[in-house]
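Please keep the structure in view while reading.

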Amino acid sequence: MDLPRPELIDFHGVSMSHYFTDNWENVQNFQARPDDILIATYPKSGTTWVSYILDRLYFGQAAPERQTSIPIYERVPFLEIEFPLLESGKDHADKLTTCPRLIKTHFPVQFVPKSFWEQNCRIVYMARNAKDNLVSYFHFDRMNQAEPEPGDWSSFFHRFMEGKMVFGSWYDHVNGWWKKKQAHSKLHYMFYEDMIEDTGREIDKLCSFLGLTPSVEEKERVAGGSQFDNMKKDSMANYSTLPVMDYKISPFMRKGTVGDWKNHFTVAQNEEFDEDYKKKMKDATLKFCTEI
Ligand code: A3P
């Protein structure tokens, strides 16, 4: 697929690309149901990982053929996407016949359609430390024609700090959702680094939030199946079926680790980043770890 790369636009004060704003009215009017589950993340925080886990927890036993025949981006539609030749994420979500419906969004919290709050839906938010998130986003933008031109590493690095990324500032995103969690009890805030450290423990917490009681064997099956190497070779999970992505430039399942930023940041960049980070991340209750 040969498409021009989109420009970054300012949309209600958030940097976006038109692929995620063109269907704005319809998306805002999306009718959530009380049992819908919204998976919310800043891009490149492990959205696919948590989507895969939720899909397996809910449907792994009742409909195992889903995992081997339907790509993850169809099992879990991307609510705000409006892309040429593809069904809109909103229409796709409307047509889901599963119960619950698993729906993905990268929206900052203030953009989430109001029906999710009115229906008091469960929301799973996954956050990832800024440095690894930045690196992952850089490689993603290099290989994905549907993203604005990334430019070179140094300019991307500065744009990230300025919040000039599709879906806006990482700092605003993670903080906005963190604040929302204080008011909305059905919001489970997870960290990518915790998942890497102990996937089983985090699946336990997720199940308790969702009110699920899978057997030990089932939980082990979900945790094992969702390990990076398994997902990387699974064509229904690794996005290899999407033509806008060029895997010769970089794979979607790239490294799946904590601390890859050390292979990208110079010492000077790291100092500059840390200095700026301190100014933006004032809430001492929201802590990220950048190595484990
Ligand atoms: P890297 O680029 O650092 O490898 P998203 O799904 O939000 O786009 O996030 C993609 C990032 O999550 C990529 O990070 C990808 O490799 C990582 N990821 C996906 N599945 C994973 C898994 N099972 N375990 C660890 N990391 C995973």
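By definition, a residue is buried under 20% relative accessible area, exposed over 50% and partly exposed in between, using a 1.4 Å probe and protein chains only. The model is predicted, so local features need pLDDT of at least 70 and side-chain atom pairs count only at pLDDT 80 or more, while totals for chains, interfaces and linings use all residues. Residues are numbered from 1 along each chain as its sequence is written, and side-chain values use heavy atoms, with hydrogens and water left out.

Q: What makes the contact of lysine 262 with glutamate 291 a salt bridge?
A: A salt bridge needs a side-chain nitrogen of Lys or Arg within 4 Å of a carboxyl oxygen of Asp or Glu. Here the N to O distance is 2.7 Å, so the pair qualifies. Lysine 262 lies in the loop between α13 (228–232) and α14, and glutamate 291 in the segment after α14, so the pair ties together parts that are 29 residues apart in sequence.

Q: Why is aspartate 260 called buried?
A: Its relative accessible area is 4%, so aspartate 260 falls under the 20% limit. Its salt-bridge partner lysine 255, with closest N and O atoms 2.9 Å apart, is partly exposed at 39%.

Q: What makes lysine 95 exposed?
A: The relative accessible area of lysine 95 is 57%, which is over 50% and therefore meets the definition. Lysine 95 forms a salt bridge with glutamate 87, the closest N and O atoms being 2.5 Å apart, and glutamate 87 is partly exposed at 37%.

Q: How many salt bridges does this rule give?
A: The count comes to 18. Glu197, Arg201, Glu202 and Lys205 are linked in a network of salt bridges.

Q: Why is phenylalanine 83 called buried?
A: Phenylalanine 83 has a relative accessible area of 8%, so it lies under the 20% limit. This residue is found in the loop between α4 (72–75) and α5 (89–95); helices here are DSSP runs of H or I with at least four residues, and strands are runs of E with at least two, numbered from the N terminus.
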